[in-house]
Amino acid sequence: MHLAEGGQSVSDWPRNRQAAADRAADETFTNTVRDKEGCMYMLWGQHLYLEMAEANGKEQSHSGTLSTDVEALPDAHLLNESVQSFSFEGLTVTVPIKGSKEERRIIDDVSGVFRAGEMVALMGPSGCGKTTLLNLLARRETNLTPTGKTYVNGGELSRSTFRKISSYVEQEDHLIGSLTARETLDFSAKLALSRSITSAERRRRIDALLASFGLVENQTTLVGTPIRRGLSGGQKRRLGVASSLITCPKILFLDEPTSGLDSAASFEVINYLKNVCKQNRLIVICSIHQPSTATFNLFDTLYLLSSGKLCYAGPLTETSSYFSTLGYEIPHFYNPAEYLLELINVDFAQDKAAATKQLQGIQTSWHSSEKHKAITQSIATVKSEKTEVVLEAQRTRNQILIPFILLHRSFVKSYRDVFAYGVRIAMYLGLAIMMGTVWLRLSTHQDSIQPFVNAIFFGSAFMSFMAVAYVPAFLEDRASFIKERNNGLYGPASFIIANFLIGIPYLFLISILFSVVSYWLSNFYPSGAAFMYWVMWLFLDLLAAEGLVVLMSSLAPIFVVSLALTAFANGLWMSVGGFLVSPKVLNVFWKYWARYIDYQAYVFQGMMVNEFSRRNYQCGEGCHCMYPSALEDQCMIDGDAVLQVYGYKTGKNGEWAGILIAIIFAYRLLAWVVLKLKKT
Ligand SMILES: Nc1ncnc2c1ncn2[C@@H]1O[C@H](COP(=O)(O)OP(=O)(O)OP(=O)(O)O)[C@@H](O)[C@H]1O
């Protein structure tokens, strides 16, 4: 093959007549080349872009540059061939004004058309409605009820179909800090791509994305955790964008992709994005706050908003001339974005009334402008020329595999990120040493009975209370889940299953470590069977406690609130669990509901039976036995007598363990219901 000198066979290059024909009509193509077999290649800038198989073509129409950078060849899988336009009309959102019966329009009658290969900036002062508009366009779930319509190729799409052709990059990237850049893309690819994609093809796509976003040299660098420095802010942002492209969206939404970055890093992010947008004919829509001039100039189109209304919508290059016709000349050597934002911002104006009047003038002028009329006309045209959106057939994935892919990812995270389980293992080990040394070598004298009961309470209820330490790690995982669910990767069932499975080995390890240290130091009943029963109760206890954290943090995914809710629930279970108030004394209100669903109660009574059903205690000098029992005449206390005081029966281990397992599953099931219903 004559042009395949860059190391890639021509047969590997994308072949698609329709797309090639579309491109041929595109003026941006600067050069075409034919090889001796008549295949036509188009050169665009540095890139050899596409071939069109036409056997009868003439010899080379242009020699072009054959030293094309094959590494930077556009990634064929990203190529958008199905979405030609994305339009919307009359988008309006109204919210009630607090303390009054009136309403406020936070988005007011916004319309527009975006075409394939267009880079759009939604810009405006803080609070003007950029994020709200972006969410409306992306059809994200919110508590708002918008009016107006969106169209793809002139036709309306269901939300689920729209999700398949679009992706949303949030301001917070929610990347997993303990994965490398390559692993991040690899896991996203495994979650997103169908079984029909081979691992070689997956690797090729990942390579292409790493190359497209300038991350090849950093592919083995960790994203970064609070204690391990990883990628820079700009690299993380690029990785976030790259991973959202793994699903091959045709329309990409980005909420302030440059926030928190300096101007050089911002430029890089948008520049990489622009290249990918152009090469693949994607529609890229970014809300952006205050870009530098260089970054601003990378966009093709500007939608300028203030107080929810459009002030301008059209090519960026025509912004200056449009505003000069209104009498606002953008000064030379002045950042145009900054000038425009100052022009339409009323919040910080010294003379608010004058600024409001000026803004209203700009908005009215826009509404009656030729450009606005042209947009209305374009929307009518795309609607009248409506074409179907052809979805790629390869979007079906093996749903059964997804929990295992998530499990694999959580496993990598769990051993690399000390905050995932390491800190908790250390904390429980510390508690074990503390418990073992505080309740050190208790004896079988009756004076040790109460300390044994106290130690059992500590080992059951207090241990479950400490599960609140899992809240931050779960909230981080939940944030990744919400992002990935919104981009259509997987649902709450896969997330809950993987989250449950990954906890099992670690909680078992914690149970063993804690028990090995504390059980023998405190001198609980010294037998292998009794020790294993203790481990079992503790393990079930921790599984239930983690389930409670998952439920509470799913209900209220705000750190302080989920912490407070979990602590409250555990405090309640602790109070009615049988130690602080004996079940015989507990009042009927709590006794007849709370105690039956209190997981801590089953663990406490299981551990109590484990200790006291197996041995007797000496009453000591004078034979004043604290608990009356049949062994009193032998100056001993039968351990069962202690259990009778609490009303605990023996021989019920199986029943109690079964109830505990049911509670563990109930917590997970409830968490699944919450995540299913709560979409944000
Ligand atoms: N769900 C909602 N209910 C009530 N008001 C809302 C809601 N969402 C947004 N708003 C209001 O709408 C206005 C626009 O908010 P939005 O977040 O879209 O602005 P923004 O331009 O993205 O701001 P920033 O640049 O500061 O992030 C704000 O005044 C905000 O308080």
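**Reading the model**

Modeller: Start with the classes of residue around the ligand: the shell has four nonpolar, eight polar and one charged residues. Keep in mind that this is a predicted model.

Biologist: Which residues come nearest to the ligand?

Modeller: Ile106, Ser126, Lys130, Thr131 and Thr132 do, out of 13 residues around the ligand. Helix H2, residues 130–138, supplies three residues, the largest share of the shell.

Biologist: Now the helix. How does one read the burial pattern along a helix?

Modeller: An α-helix has 3.6 residues a turn, so residues three or four places apart point the same way. Take helix H10, residues 336–344, where the buried residues are Ala337, Leu340, Leu341 and Ile344. Viewed down the axis of H10, these buried residues fall within an arc of 100°, so they line one face of the helix.

Biologist: What do the buried residues of H10 pack against?

Modeller: Their partners are strands E6 (119–123), E11 (301–306) and E12 (309–315), together with helices H8 (293–296) and H11 (352–367).

Biologist: And the chain as a whole?

Modeller: The protein chain has 24 helices and 14 strands. Of its 680 residues, 42% count as buried. Among contacts between residues at least 6 apart in sequence, 74% join residues at least 24 apart.

Biologist: Where is the pLDDT below 50?

Modeller: The chain average is 85, and 88% of the residues score at least 70. Over residues 1–74, however, the pLDDT is below 50, although this stretch has 101 contacts in the model beyond near neighbours in sequence. For the model, ipTM is 0.96 and pTM is 0.78.

Note on methods: Residues numbered from 1 in each chain as written. Predicted model: local features only at pLDDT ≥ 70, side-chain atom pairs only at ≥ 80, totals over all residues. Buried ≥ 20, exposed ≤ 12 C-beta atoms within 10 Å, placed from the backbone. Helix = DSSP H or I, 4+ residues; strand = E, 2+ residues; numbered from the N terminus. Arc of directions from axis to C-beta. Contact = placed C-beta atoms within 7 Å. pLDDT = per-residue confidence, 0-100. Near = placed C-beta within 6 Å. Nonpolar A, V, L, I, M, F, W, Y, C, P; charged D, E, K, R; others polar.
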